[in-house]
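Here are my notes for you, as one colleague to another. Please have the model open while you read them.

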Amino acid sequence: MAFESLSERLNKAIKNISGQGKLTEKNMNDMLKEVRMSLLEADVNYNVVKEFVENVKQKALGQEVLDALNPGQMVVKIVHDELQSLLGESDAKLHFKKHGITNVMMVGLQGTGKTTASAKIARFAKEKLGKRVLLVACDVVRPAAIEQLQTLGKNIDVEVFSLGADVDAITTAKQGLEYAKSRQKDLVIFDTAGRLHIDADLMDELKTMKDIVAPDDILLTVDAMTGQDIVTVAREFNEQLAITGLVVTKMDGDARGGGLLSVRSITDVPVMFVSNGEKVDDLEEFHPDRMADRILG
Ligand code: GDP
């Protein structure tokens with residue numbers, strides 16, 4: 001599970017300080033050094049770590065803290081708050097329309113878990129939010145993506161619209177929209193094609209799809225196991241498509257968690273969901289405050 005080692009190290013660093021009645025600049029600096037090392041070891045982006053430590057230092061070396069009755073605990077709170085601000089100030093949620101059909105476009109590189117995440121989010125919206133969901137199979141590039149979505153749809157009892165792999169993605173998207181209207185759906189999730197790498201073809205197709213679908217959310221799936229690559233991919237997709245949220249997948253396979261900790265502050269795109277397994281219910285809404293609690297638990 002991600003963050004185990006970061007959590008252990010961070011807790012150790014601040015535990016040393018939290019028991020102390022009076023703080024000196026020296027033991028504060030030792031603690032900051034340890035915090036810095038533990039974040040770098042977790043593969044958090046270098047600049048993010050630098051800013052994090054600087055922010056903690058400024059707040060922790062303030063006179064208010066040094067004069068406090070229980071300075072150690074104040075420092076723990078400062079680190080916690082900084083961690084939470086790194087992960088996001090508040091929960092990011094799907095942007096549902098007040099009236100009419102809400103459209104969500106799923107984008108991402110091949111193999112990151114986009115098709116699986118489309119079904120997981122469909123299930124979440126149906127079960128937890130009571131939505132009438134339609135999945136539209138617009139990934140006509142990857143062999144078997146359509147069948148995969150149909151199988152997943154059957155498992156979660158959500159209808160899947162497809163025109164087969166011989167019809168292009170744009171036509172499928174257009175007809176999917178019509179179909180959703182005729183069936184009084186209130187959420188449509190479009191699974192789109194990925195590629196092994198970001199290329200102009202992919203982006204052009206996704207931009208055209210965006211014009212047609214007018215999505216309320218564009219969610220990018222990124223694979224936690226690729227570490228810092230998350231940041232690069234998220235930045236690129238955001239520049240080209242203005243994505244509204246991230247689904248960080250395969251958290252169960254990532255021991256360090258540095259990608260997740262860096263991506264928000266660098267790209268300003270919030271993490272909306274995390275996926276931590278292959279099953280359709282292995283999806284959680286992302287709560288920055290709870291994650292910060294967990295890391296400093
Ligand atoms: P796509 O090409 O982006 O549509 O990727 P898929 O949805 O087909 O997923 C690729 C592989 O990753 C499949 O074998 C999924 O079962 C697996 N997968 C997706 N999400 C997760 C996850 O959160 N954890 C793990 N361990 N595997 C996942």
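**Notes on the model**

1. Leaving aside neighbours within four places in sequence, Arg-9 is in contact (heavy atoms within 4.5 Å) with Glu-34, Met-37, Ser-38 and Glu-41. One caveat before going further: this is a predicted model, in which local features need pLDDT of at least 70 and side-chain atom pairs count only at pLDDT 80 or more, while totals for chains, interfaces and linings use all residues. Residues are numbered from 1 along each chain as its sequence is written, and side-chain values use heavy atoms, with hydrogens and water left out.

2. Staying with Arg-9, you will find this residue in helix H1 (residues 4-18). Helices (H or I, at least four residues) and strands (E, at least two) are DSSP runs, numbered from the N terminus. The side chain of Arg-9 makes a polar contact with that of Glu-41, at 2.9 Å. A polar contact is a pair of N or O atoms within 3.5 Å; within protein, one must be able to donate a hydrogen and the other to accept it, and residues adjacent in sequence count only if both atoms are side-chain atoms. Arg-9 and Val-35 are 26 residues apart along the chain, and their C-alpha atoms are separated by 7.8 Å.

3. How exposed is Arg-9? Its relative accessible area is 22%, so Arg-9 is partly exposed. Here buried means under 20% relative accessible area, exposed over 50%, and partly exposed in between (1.4 Å probe, protein chains only).

4. Next, please look at helix H3 (residues 46-60). With 15 residues at 1.5 Å a residue, H3 should span 21 Å, and the 21 Å between its end C-alpha atoms agrees with this. The expected span is 1.5 Å times one less than the number of residues. Buried in H3 are Val-48, Val-49, Phe-52, Val-53, Val-56 and Ala-60. They lie on the same side of H3, because they cover an arc of only 125 degrees around the axis; the arc is that of the directions from the helix axis to the C-beta atoms. On the face turned away from this buried side, H3 carries the exposed residues Asn-47, Lys-50, Glu-51 and Gln-58. At the start of H3, a side-chain oxygen of Asn-45 comes within 2.8 Å of the backbone nitrogen of Asn-47.

5. Now for the ligand. Which residues are closest to the ligand? Of the 17 residues that surround it, the closest are Gly-111, Lys-114, Thr-116, Ser-275 and Glu-278; a residue counts as near if one of its heavy atoms lies within 4 Å. A ligand oxygen is 2.7 Å from a polar backbone atom of Gly-111, and an oxygen of the ligand is 2.4 Å from an N or O atom in the side chain of Thr-116. Arg-142 has a polar side-chain atom 3.1 Å from an oxygen atom of the ligand. Taken alone the ligand exposes 580 Å², of which the protein buries 81%.

6. His-80 sits in helix H5 (residues 71-87). With 18% relative accessibility, His-80 counts as buried. Beyond its neighbours within four places in sequence, His-80 is in contact with Asp-289, Ala-292, Asp-293 and Leu-296.

7. Finally, two backbone angles. Asp-157 is not a glycine, yet has a positive phi of about 60 degrees; Asp-157 is in the loop between helix H7 (145-156) and strand S3 (159-161). Asp-268, likewise not a glycine, has a positive phi near 65 degrees, and is found in the loop between helix H11 (258-267) and strand S7 (271-275). Asp-157 counts as exposed at 61% relative accessibility, and Asp-268 counts as exposed at 57%.

Key
Accessible areas come from the Shrake-Rupley method with a 1.4 Å probe; for residues, only the protein chains shown count as cover.
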